[in-house]
Amino acid sequence: QSSQDAIRNVKAISDITTIIIQEKIDIAVTNTANVPQLAFAAAFCDIPHLWLVHEFPEGEFAYTLEKYDFISSFSNEILTASDVLAEEITKLSNKTPVNYFYPFTDVSNIVLKSSSCIPRTVSVNTANGKRKNTEELIKIFEQLKLSFPSLELVRTGAIIDEAYYDELKKYISDHCIQDVSFLDDYTSNWENVSSSDIFVNTSAMETFSLTIIESLKLGVTTVVADNYAAKSMLSLGYLLPEDVYALGNITDAVEKISVKLNHFDSTKQHATLLQKKVLREQSLEKITQSLVTAIEKYNENPRKELRYFKQQTVAVGEELNVRMQVIDEERQVLEERLEIINQQGKVLRE
C-alpha cells in the first residue's frame, strides 16, 4: 500500500507540474496542511506559492505541528483564518511571513424566521462530537429553565454523530428537560432562527467561526464561549465582555444569557447597531485584501532551486502514465482469462 501511495503522490506532483506549465499558472495556493503536492510542483515551476492555514495545531490537529518546517520552507507567505491563529503560526514559521484574512460568509440571501417576539435560545451548529460542545449547551439551558420555565432551545444543525446525539438525548431524558428541539436541518439553518432569538455558541474550538459572524451580520443577539474565535471578535469590537462566557463555566453562561433575556430590547438594539459595523468591515473586498496583496507581491518561489528538476518530474510522470496503462491492460487481460477459466470450471462441474 505504501509503494502505491508513493507512486500516486509522484504522479500527482508530475500531473500538477504539467498543468502549471500548460495553463501558464502564475501563482499556486495550497488550502490544507495535508496535501503538499502542489507545493512541490510550484517549486519545480518556480512560481510563487501561498499556504492557507485554517486550524490551530493542537487537539485533533496537533499532528500538523511537525509539518510547519516544510510548510514554511515551501511558502512565500502563510495566510491564516484569523489574527489569533496568525500569532500562533508565526512561532512555527521559520521566518516565513505570516498574515491572515478572515473567512467570508454571505448572508444577503438569508431570511430569518418571522419573529414571535418571544426570545428563544438557538444554536446553529452540527451535533458531531465533543468539539462543538453541545452537552454544555444543554446544561446551560437546563439551568436557564429554572428562571425562565417557558424558554425554548432550538438546535438547527445537522446530526452527524449519532452516538453523541444519543448521549445528548439520554441526558435530556434523564434530567427531564423540556422544550429542546434538534431540527437536523443544515440546509436551512438560519431560516429556522428568528430576529428575537439569542444565538448561543458553546464550541470548545473555533478558529474564526462563520456561524458567529453570520449571527452578527444578521443582527441576532449573541452569546459565545471564550474560544479562539471569541478572542478575535473581542479584538475587532464585534463582541463585548458581557457577550462572552468562560468555557466550561455554566454559571457564567447562565448569568450572561439571563441578563439578555431580562433586558432583551436594549440588547437587541445593540445587536442591530453592531450589525452595520460587521457587514461593513466583513465585506469580501475588505477581508481578502491581504490575500490579494500576497498574490501580487511575489515573483518567484522560495525553493526555486528545485526548478532544475522540473523536466525530470514531468518525464517521470509520463513514464508512470505509460507503465500504469500497461498494467491496466494486463489486468484487463488477466480478468478476461480468469472469467474464461471460471466459465470452463462451471462447465466441468456440470
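## Residue I13

A residue is buried when its relative accessible area is under 20%. In this predicted model, I13 has a relative accessibility of 13% and therefore counts as buried. The residue belongs to helix α1, which covers residues 2–23.

L38 is 25 residues away from I13 in sequence, and the C-alpha atoms of I13 and L38 are 6.7 Å apart in space.

## The parallel sheet

Six strands make up an open sheet with parallel pairing, in the order β7-β6-β5-β8-β9-β10. Its edge strands, β7 (180–182) and β10 (244–245), each pair on one side only. Strands of a sheet pair through backbone hydrogen bonds.

Strand β9, residues 221–225, runs parallel to β10 and is joined to β10 by two bridges. A225 is placed opposite Y245 of β10.

## Residue S203

S203 sits in the loop between β8 (198–201) and α7 (210–217). With a relative accessible area of 0%, S203 is buried, because buried means under 20%.

The side chains of S203 and E206 are joined by a polar contact of 2.9 Å. When neighbours within four places in sequence are set aside, S203 is in contact with N125, R131, K132, N133, A225, N227 and L247. One of these contacts, A225, is the residue that stands opposite Y245 in β10.

Conventions. Residues are numbered from 1 along each chain as its sequence is written. This is a predicted model: local features need pLDDT of at least 70, side-chain atom pairs count only at pLDDT 80 or more; totals for chains, interfaces and linings use all residues. Side-chain values use heavy atoms; hydrogens and water are left out. Helices (H or I, at least four residues) and strands (E, at least two) are DSSP runs, numbered from the N terminus. Buried means under 20% relative accessible area, exposed over 50%, partly exposed in between (1.4 Å probe, protein chains only). A polar contact is a pair of N or O atoms within 3.5 Å; within protein, one must be able to donate a hydrogen and the other to accept it, and residues adjacent in sequence count only if both atoms are side-chain atoms. Contact means heavy atoms within 4.5 Å. Two strands pair if DSSP finds at least two bridges between them.
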